[in-house]
Amino acid sequence: MEVGAFDPDQIDVIFIIPQLHGLGSAGSSRGFGYNRCQFCLWGSVVPADCLVKITDINFAYDDRAILKGINMEIPRGQLVAIMGNSGCGKTTLLRLIGGQLKPTGGQLLVDGESVPDMSHDELYAMRRRMGMLFQFGALFTDISVYDNVAYLMHEHTNLTEELIHDMVMMKLNAVGLRGAHHLMPSELSGGMARRVALARAIALDPMLIMYDEPFAGLDPISMGVIGQLIRRLNDALGATTLLVTHDVQEALQIVDYVYFVSDGQIVAQGTPDEIRASADPFVHQFVFGEADGPVHFHYPAPPFEEDLMRRDARG
């Protein structure tokens, strides 16, 4: 097992701070209490409804349609996976939710607010309530593990260095890497780097956490550790999680609900048990990794005999 491995059950004893974003910032009215063992925040009541609601969303690059009438509802507190073949629009959906892109049609609400209609300041305030784990981690290579996790706290809060230190160590402890806080990203294994990126993603205790291919390039042990971390941190934070992945079997062990995207449309959805039992040809092919089906093995081409005859004619 790699250096820094841990028992995911230990997360249950970690003190997690809900809705930390904006503490100490100008105009903030949210209070907080603090001692060396425990944190407490008040002033934020989260209604039990959908955190993200996507209605008839369309998106295109010039004339090339990427998303075509997407409808999704992401309930608060749930871990939802978005699956599909490469290029079907999964990462584009995350970018739309984060406001990096604007849809060409439809409605996209996060916490009841229309993301495409937000002003610059409103969008950045909303993003401070989101966490993002990018493909392969995307750590800052020239600063330490500690500083990677502390970065958002320095940028978006006026917390004291003492409080930031305690917060960073708590986040690293939650992912089993408190002892690696002094290391540089180049000194980490792939699984450790992904866990540091996860600690950074939850640095401000976001209401929404998005993961873009968190299992890519990981060995089976690291993959299992990351999967359990994603599930347990979602539950401990009371957050809502969107997981974009190709790793069907690992995802189906931890998620509450699955959307399958193909050719820019939702072609199937359901709980993990419903997905495993699905008779839909696309879902069956994707879940069981079959070479042929609705997604064809061969790229479109004329009959092979025609190519052979052309070769003979060139003689």
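Which residues lie nearest the centre of the largest pocket? Select Arg127, Met130, Gly131, Met132 and Phe134, which are among the 24 residues that line the pocket. Before you go on: this is a predicted model, where local features need pLDDT of at least 70, side-chain atom pairs count only at pLDDT 80 or more, and totals for chains, interfaces and linings use all residues. Numbering runs from 1 along each chain as its sequence is written, and side-chain values use heavy atoms, with hydrogens and water left out.

A pocket here is an open set of points on a 1 Å grid over the protein atoms alone, where a 1.4 Å probe fits, with protein on both sides within 12 Å along at least five of seven lines; lining residues have an atom within 4 Å of a point. This one has a volume of about 720 Å³, counted as the space filled by probe spheres set on the points.

Next, colour 90-97 (α1), 120-127 (α2), 130-133 (β8), 145-156 (α3), 190-201 (α5) and 208-212 (β9): each gives the lining at least two residues. Helices are DSSP runs of H or I, at least four residues, and strands are runs of E, at least two.

Now follow β8 into an open six-stranded sheet, ordered β8-β9-β10-β5-β11-β12 with mixed pairing; strands pair if DSSP finds at least two bridges between them. β8 and β12 (265-270) are the edge strands.

Last stop: β11 (257-262), which pairs antiparallel with β12 over five bridges. Pick Val258 and you'll find its bridge partner, Gly270, in β12.
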